[in-house]
Amino acid sequence: MRSILAAAIEEEADVTLVDMEAGLEHLSRSGGTLAYADVLLVVMEPSRKSILTAGRTIVLAEELGIPRVYGVGNKAQPGDDEFFREVCAEYNVPLAGIVPANEDVVDADRAGVLLGEGRGGAVHEAVDRIVAYVDEHLGETAVVGASAPAG
Amino acid sequence: MKLGVVGKGGVGKTTISALLAQVYAARGQRVLAIDTDSNPNLAFSLGLDAAQADEVPLLPRSLVVGTGNGALSPSQLIEQYGAPTPSQVTLLHAMRITQAGAG
């Protein structure tokens, strides 16, 4: 078996999502865990350090040939939208969405629990829009056969 | 679809991963979420408690980085290592992959 994302996991899952630990190792060599990703979301917050990491990640992802590499702005305060737009324009990647800073997320993290439907409303809406963005752009290049709802 | 979520530590990858996974699961798709961190934080964001998170079996490194011998089919892999969660997402807990691709 090759790495888990290279395997025929699509027989068993319509969506395989990998939450990558911090670091770039998974992108640094051919056959790394993310070399076979259809979509890579590069999450940033309004900090220069996270932006620099994002820039290095984007370069590696493009070298690996990942077909869709998108930026996502997180923990956005009012007025940060323009910041994320400028960063993504500089790195030449589309901005898939911006998730606002939200006290319910902080509370859920502090408690170590799931962020329920009833809390963090604006955050759920932002994530819905990111999913819609990914859906909309899946058909543009590679064939992805497993994106239809399971029957 | 295979979707990766990356970024500097602390930017909120886990929260966004969990919310994305829940959106796909809520519309009826079969979702496999893989946490590659040594601390199983994704488990909490998908609704497991600490005891349940501890019981999620670790994927062998050979399966994560692809040096395995092909002994497991994808369905066997999910059956043996996948953990159901309250958000209807199946969780796989992978080991650290600092040496990914080496050797």
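pLDDT is the predictor's confidence in each residue, on a scale from 0 to 100. That score matters here since the model is a predicted one. In chain B, pLDDT stays under 50 over residues 96–103. Even so, the model gives that stretch 20 contacts beyond four places in sequence. Taken as a whole, chain B averages a pLDDT of 84, and 78% of its residues score at least 70. The scores for the model itself are ipTM 0.86 and pTM 0.87.

Next comes a look at one residue of chain A. A:Leu17 sits in strand β1, which covers residues 15–19 of that chain. A residue needs 20 or more other C-beta atoms within 10 Å to be called buried; A:Leu17 has 26 such neighbours, so it counts as buried. Who are its contacts over in chain B? A:Leu17 touches B:Leu3, B:Val5, B:Ser17, B:Leu20, B:Ala21, B:Val31, B:Ala33 and B:Ile34. Along its own chain, A:Leu17 is 82 residues away from A:Val99 in sequence, and their C-alpha atoms are 18 Å apart in space.

Helix α2 of chain A takes in residues 48–64, 17 residues in total. At 1.5 Å a residue, α2(A) should span 24 Å, and this agrees with the 25 Å between its end C-alpha atoms. Which residues of α2(A) are buried? They are A:Ser50, A:Ile51, A:Thr53, A:Ala54, A:Thr57, A:Ile58, A:Leu60, A:Ala61 and A:Leu64. Just after the helix comes A:Gly65, with a positive phi of about 85°.

Key. Residues numbered from 1 in each chain as written. Chains lettered and ligands numbered in written order. Predicted model: local features only at pLDDT ≥ 70, side-chain atom pairs only at ≥ 80, totals over all residues. Helix = DSSP H or I, 4+ residues; strand = E, 2+ residues; numbered from the N terminus. Buried ≥ 20, exposed ≤ 12 C-beta atoms within 10 Å, placed from the backbone. Contact = placed C-beta atoms within 7 Å. Expected span 1.5 Å × (residues − 1).
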